[in-house]
Amino acid sequence: MLTRRLVVCLDVKGGRVVKGVRFEGLRDVGDPVELARRYEAEGADEVTFLDISASAEERETLWDLVQRTAEQLFIPLAVGGGVRTVEDVGRALRAGADKVSINSAAVAQPSLLAACAERFGSQCVVASIDAKREGERWRVYTHGGRKATDLDAVAWARECVARGAGELLLTSIDQDGARQGYDLALTRAVSDVVDVPVIASGGAGSAEHVRDAFQQGGADAALVAGILHDGLTTVGAIKTLLRESGLHIRSVT
Amino acid sequence: MRVTLFDYGAGNLHSLAKSLATAPGAEVRVQEDPLRALDTDVLVLPGVGAFGAAMARLEPGRDAMRAALERGLPCLGICLGMQLLFEGSDEGDGVGLGYFQGRVTRLTARRVPEMGWNQVDDDRTLSSARLGTVYYAHSYVCRATETSWVTGWTTHEGDRFPAAVRRGNVVGVQFHPEKSSSAGVRFVQAFLQEVSS
């Protein structure tokens with residue numbers, strides 16, 4: 001039986017891990033390779049680099065960073081942020097990424113998902129969906145949550161899977177950074193209608209929130225960032241709570 | 001100890017090469033020619049790509065590779081690399097190495113590919129490293145007809161399949177040890193130690 005996964009996300013820019021509130025007031029918090037290795041040692045099941053580089057020059061450092069990380073990290077590595085073409089995906093995979101997440105580019109050109117899945121396999125294609133609640137539904141946004149689309153998040157999730165996405169990274173814009181818990185209704189609405197793993201993202205403030213994403217949201221994986229980087233909790237503490245809650249997770253021995 | 005990764009052009013080998021290089025005395029090299037890849041102490045068949053394309057690259061050296069394995073060349077086949085050790089695959093054309101009897105077929109499950117961490121049961125592959133929870137990313141599995149060579153099993157939904165097979169110094173694993181954290185790295189190190197001593 002597959003375990004539920006705890007995914008640690010690192011924001012990278014110009015080859016460094018940065019931290020800030022909504023892309024503002026960014027400050028350098030460390031070397032991505034070292035941080036990724038530390039989280040692996042603590043028991044993270046997967047690491048995601050979200051590239052938030054603003055310029056092409058900064059972005060060029062990403063591939064070198066991915067390669068240096070892949071040479072030292074022995075858990076799956078996903079890369080996202082600014083991936084626009086089949087060539088971008090190929091470059092990330094050759095550098096050593098195991099998966100690549102595609103967000104705005106998939107909305108602009110949905111055939112991109114199928115093209116990547118055909119060329120590289122569904123297992124490395126992650127559709128990243130940013131959704132914002134509107135009444136009883138959720139609207140898809142792109143460009144880091146700045147641009148509204150006409151898409152309904154649940155319908156778009158199904159379409160991404162039909163087009164070849166092997167996994168969905170589902171982020172609640174409303175909850176992101178608020179540390180009040182994941183959007184469980186959104187997570188449940190999507191995980192109920194797709195056969196691929198759903199990674200809940202946005203809102204983790206405690207280990208209990210992660211547990212709820214699994215037990216109530218039906219997520220296969222949960223993405224955690226700020227609360228780990230700020231030292232509010234640890235991978236080990238979250239996994240202990242999950243285990244005590246009867247969830248099937250990977251233990252680190 | 002010369003450890004040679006046969007590169008059939010499928011993808012990145014960074015993590016695998018580095019995990020092999022952590023073993024004491026291992027000199028890791030990458031070789032694209034299937035015949036030259038046999039001039040080694042240990043052969044590694046990596047696990048990225050599709051069966052048909054990989055077998056096409058391996059074809060010119062298939063008979064020689066099979067013969068080398070039968071003569072005792074240690075070999076570790078990972079994921080697709082394990083599947084190449086069998087007779088053939090529903091995923092693509094080409095005749096496999098046939099070192100293990102059986103055919104590669106699609107997982108029978110709702111969620112395919114199987115992606116994530118799963119448990120290996122009844123593992124007896126290596127004497128010095130027990131397999132626990134390991135990382136999988138695959139759609140196909142090896143249906144070994146001779147189950148005595150199956151040295152570990154995993155179950156995805158209702159489908160129980162060989163996690164590992166071993167005959168002599170040839171080991172095939174369906175999971176990715178190079179993505180299975182320290183337990184996977186220990187497994188790779190233990191394999192190299194066991195077949196080189």
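This is a predicted model: local features need pLDDT of at least 70, side-chain atom pairs count only at pLDDT 80 or more; totals for chains, interfaces and linings use all residues.
Local features need pLDDT of at least 70 and side-chain atom pairs pLDDT 80 or more, while totals for chains, interfaces and linings use all residues. Residues are numbered from 1 along each chain as its sequence is written, and chains are lettered from A in the order in which they are written.

Chain B holds five helices and twelve strands, taken as DSSP runs numbered from the N terminus (helices H or I, at least four residues; strands E, at least two). Its C-alpha atoms fill a box of roughly 40 × 35 × 30 Å along the principal axes. Of its 197 residues, 60% count as buried, meaning under 20% relative accessible area with a 1.4 Å probe, protein chains only. Among contacts (heavy atoms within 4.5 Å) between residues at least 6 apart in sequence, 69% join residues at least 24 apart.

The second largest pocket has about 960 Å³ of space. A pocket here is an open set of points on a 1 Å grid over the protein atoms alone, where a 1.4 Å probe fits, with protein on both sides within 12 Å along at least five of seven lines; lining residues have an atom within 4 Å of a point. The volume is the space filled by probe spheres set on the points, which are joined across faces, edges and corners. Of the 41 lining residues, those closest to the centre are Phe120(A), Gln123(A), Gly47(B), Val48(B) and Gly49(B). H5(A) gives the largest share of the lining, four residues.

Note on methods
Side-chain values use heavy atoms; hydrogens and water are left out. Buried means under 20% relative accessible area, exposed over 50%, partly exposed in between (1.4 Å probe, protein chains only).
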